[in-house]
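Trainee: I would like to learn how to read individual features of a model. May we work through one together?

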Amino acid sequence: MLLDELKSLYTYQEPLNTTRFHKKSYVLGEEDYFVGINLPELRLLVKKYHSEITNEEILDLLTHKIHEHRLFALLILSYQMKSANLEKQKEIVNIYLSHLDYVNNWDLVDCSASNILGRYLYNVQDYSLLYELSLATNLWYKRVSIVATWYLIDKKELSITLDIVDNLILDSHDLIHKACGWMLRELGKRDLETLTEYLEINYNIMPRTMLRYAIEKYPEDIRKRILKGDFLWR
């Protein structure tokens with residue numbers, strides 16, 4: 001029944017390799033297939049099925065060639081994490097990590113890394129895995145490592161984000177630049193002085209995309225000065 005409902009929501013008769021928001025082959029040899037199910041529709045199905053879906057069904061979805069099936073599985077796991085005790089959270093995280101190669105596009109990472117991995121690592125107070133992932137060669141592992149810190153930022157534990165950005169600041173991929181800038185911007189909402197200090201120290205090596213994302217919440221005149229490397233306004 002679940003698969004039938006998913007298929008009834010397909011927009012495209014034949015799966016596409018790209019969409020308006022997804023470029024093709026971020027990673028060499030990687031394939032993805034899109035059928036055009038939008039996120040609000042998936043979230044409605046999550047509310048309907050989150051308590052009755054089995055782990056076997058989740059794994060079938062998580063390893064499916066269709067992007068939106070994997071996205072749905074990750075949304076289910078993220079939803080389940082909210083009310084799970086620590087033992088159940090560990091079970092969900094083990095599923096997540098053992099199938100991390102299927103979390104292979106930016107939206108799959110962004111809907112899951114913080115809600116699943118970040119939440120659990122905060123609860124057990126062990127962030128060694130994030131450092132390990134940040135040093136991986138896999139693009140998506142690295143994005144997981146920084147986006148997972150969003151949960152920590154929300155809990156006002158900011159130093160881990162800065163450490164992970166340190167590991168990724170020289171990365172060449174724009175999806176890492178954007179994710180790091182995004183997390184720095186979120187950090188700045190909690191502690192603007194810490195963000196400003198970090199930007200001043202790292203201005204000369206920080207990619208421009210990362211910097212632009214990080215400073216979006218500053219007043220326009222301050223953004224212009226930061227982009228010129230001017231921190232005399234502090």
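Trainee: Is aspartate 174 buried, partly exposed or exposed?

Mentor: Please keep in mind that this is a predicted model. Aspartate 174 has 26% relative accessibility, so it counts as partly exposed.

Trainee: Which residue does aspartate 174 meet in a salt bridge?

Mentor: Its partner is lysine 178, with an N to O distance of 3.4 Å between the side chains. Both residues belong to helix 12 (residues 174-190), where they lie 4 residues apart, about one turn of the helix. Lysine 178 is partly exposed as well, at 27% relative accessible area.

Trainee: How many salt bridges are there in total?

Mentor: The count comes to 14. Another of them joins glutamate 186 to arginine 190, whose closest N and O atoms are 3.5 Å apart. These two residues are 4 residues apart in helix 12, so about one helical turn separates them. Glutamate 186 is buried, with a relative accessible area of 7%, whereas arginine 190 is partly exposed at 34%.

Trainee: Which distant parts of the chain are linked by glutamate 193 and arginine 234?

Mentor: The side chains of glutamate 193 and arginine 234 meet in a salt bridge of 2.0 Å, N to O. Glutamate 193 lies in helix 13 (residues 192-202) and arginine 234 in the segment after helix 15 (220-227), 41 residues apart. Glutamate 193 is partly exposed at 44% relative accessibility, and arginine 234 is partly exposed with a relative accessible area of 41%.

Trainee: What should I look for in the backbone angles?

Mentor: Most residues other than glycine have a negative phi. Here, glutamine 125 has a positive phi, near 55 degrees, and sits in the loop between helix 7 (113-124) and helix 8 (128-134). Lysine 156 has a positive phi of about 65 degrees and is found in the loop between helix 10 (149-154) and helix 11. Glutamine 125 is partly exposed at 48% relative accessibility, while lysine 156 is exposed at 69%.

Trainee: Which side chain makes a polar contact with that of threonine 161?

Mentor: The side chain of threonine 149 does, at 3.0 Å. Threonine 161 lies in helix 11 (residues 159-168) and is buried, with a relative accessible area of 0%.

Trainee: Where does negative charge gather on the surface?

Mentor: A patch of negative charge is made by Glu52, Glu56, Glu57 and Asp60. Aspartate 60 lies in helix 3 (residues 55-62) and is partly exposed, with a relative accessible area of 48%.

How values were computed:
Residues are numbered from 1 along each chain as its sequence is written. This is a predicted model: local features need pLDDT of at least 70, side-chain atom pairs count only at pLDDT 80 or more; totals for chains, interfaces and linings use all residues. Side-chain values use heavy atoms; hydrogens and water are left out. Patches are made of residues with over 30% relative accessible area and no salt bridge: like charges are joined within 9 Å, nonpolar side chains (Val, Leu, Ile, Met, Phe, Trp, Tyr) within 5 Å. Accessible areas come from the Shrake-Rupley method with a 1.4 Å probe; for residues, only the protein chains shown count as cover. A salt bridge is a side-chain nitrogen of Lys or Arg within 4 Å of a carboxyl oxygen of Asp or Glu. Lys and Arg count as positive and Asp and Glu as negative; His and the chain ends are not counted. The place of a charge is taken as NZ of Lys, CZ of Arg, CG of Asp or CD of Glu. Buried means under 20% relative accessible area, exposed over 50%, partly exposed in between (1.4 Å probe, protein chains only). A polar contact is a pair of N or O atoms within 3.5 Å; within protein, one must be able to donate a hydrogen and the other to accept it, and residues adjacent in sequence count only if both atoms are side-chain atoms.
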